Amino acid sequence: MKTISRIVILFIALSAISCSSNKTDNSKKSFSYAEYNFDFLLGEWKRTNDEEGKRTFENWEKKNDSTYIGEGSTLQDNDTIWKENMILSPVNGDWYLQVKTPEDKESTDFKVIDYENDSFTSENRLNEFPKTIRYWKTDNILNAEIADDTIKIPFIFEK
């Protein structure tokens with residue numbers, strides 16, 4: 001009888017171990033490019049809330065299903081006084097907005113921490129300014145905001 005009891009206990013223990021190792025981790029979301037659509041960025045945009053005497057533009061194109069290329073520039077008179085290149089793409093399973101000016105040796109990378117249809121927020125808490133970059137579209141207006149813990153700078157664009 002003791003042998004049968006031991007066999008039953010062993011069987012129950014092995015079943016419990018087997019069941020626990022077959023559980024799937026639902027806390028990790030499977031990564032799919034199709035889940036993220038940033039097409040709302042596409043097009044040529046002109047800033048409408050610029051400082052007097054300046055004209056700021058952003059142009060976005062879609063390179064493929066997982067890469068968006070952006071270029072921003074500000075003109076004063078006919079001189080380019082600021083320029084940046086942006087890449088929005090996945091890196092090791094997470095989406096990043098990578099921003100680089102001509103003076104930068106490397107891009108500053110902002111991890112996308114929030115995504116919804118027609119909006120996203122990216123963050124790099126180690127960057128001096130900005131720490132967050134947010135984009136959202138309302139009707140035919142593309143909004144952007146760069147911010148840290150105390151300052152928010154809004155950008156309003158029309159096509």
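Select strand β1 (residues 43–47) and strand β2 (residues 54–64): four bridges join them, and the two run antiparallel. Strands here are DSSP runs of E with at least two residues, numbered from the N terminus. Two strands count as paired if DSSP finds at least two bridges between them.

This is a predicted model: local features need pLDDT of at least 70, side-chain atom pairs count only at pLDDT 80 or more, and totals for chains, interfaces and linings use all residues. Residues are numbered from 1 along each chain as its sequence is written, and side-chain values use heavy atoms, with hydrogens and water left out.

**Stop 1: the β1-β2 hairpin**

Stay on β1. Pick G43; its bridge partner in β2 is W60. Then pick E44, which stands opposite N59 in β2. Now follow the chain through the turn. Six residues lie between β1 and β2 in this hairpin. Stop at G53 in the turn, where phi is positive, about 90°.

**Stop 2: on to β3**

10 bridges join β2 to β3, and the strands run antiparallel. The hairpin between β2 and β3 passes through two residues. Return to N59: opposite this residue in β3 stands E71.

**Stop 3: the other side of β1**

Select β10 (152–158). β1 and β10 pair in the antiparallel sense over two bridges. R47 has F157 in β10 as its bridge partner. L142 stands opposite F157. Seven bridges join β9 to β10, again antiparallel. A hairpin of four residues connects β9 to β10.

**Stop 4: the whole barrel**

Show every strand. How many strands close into the barrel, and in what order? There are 10, in the order β1-β2-β3-β4-β5-β6-β7-β8-β9-β10, with antiparallel pairing. Neighbouring strands of this sheet are turned by 25° against each other on average, direction ignored. Axes for that angle are lines fitted to C-alpha atoms, and angles run from 0 to 180 degrees between N-to-C directions.

**Stop 5: the aromatic rings**

Hide the cartoon and show Phe, Tyr and Trp. The whole structure holds 12 aromatic pairs. Rings pair if their centres lie within 6.5 Å; planes under 30 degrees apart are stacked, over 60 edge-to-face, and the rest tilted (Trp counts by its six-membered ring). Start with Y36 and F38, a stacked pair at 6.4 Å centre to centre and 15° between the planes. F38 has 0% relative accessibility, so F38 counts as buried. Buried means under 20% relative accessible area, exposed over 50%, and partly exposed in between (1.4 Å probe, protein chains only).

Next, select W60 and Y135. Why is this pair edge-to-face? The ring centres are 6.0 Å apart and the planes stand at 85°, so the pair of W60 and Y135 is edge-to-face. The pair links distant parts of the chain: W60 sits in strand β2, Y135 in strand β8 (residues 132–138), 75 residues apart. W60 and Y135 are both buried.

**Stop 6: a surface patch**

Switch to a surface view. F129, I151 and I153 make a nonpolar patch of about 220 Å². Patch residues have over 30% relative accessible area and no salt bridge; nonpolar side chains (Val, Leu, Ile, Met, Phe, Trp, Tyr) are joined within 5 Å, like charges within 9 Å. A salt bridge is a side-chain nitrogen of Lys or Arg within 4 Å of a carboxyl oxygen of Asp or Glu. Areas come from the Shrake-Rupley method with a 1.4 Å probe.
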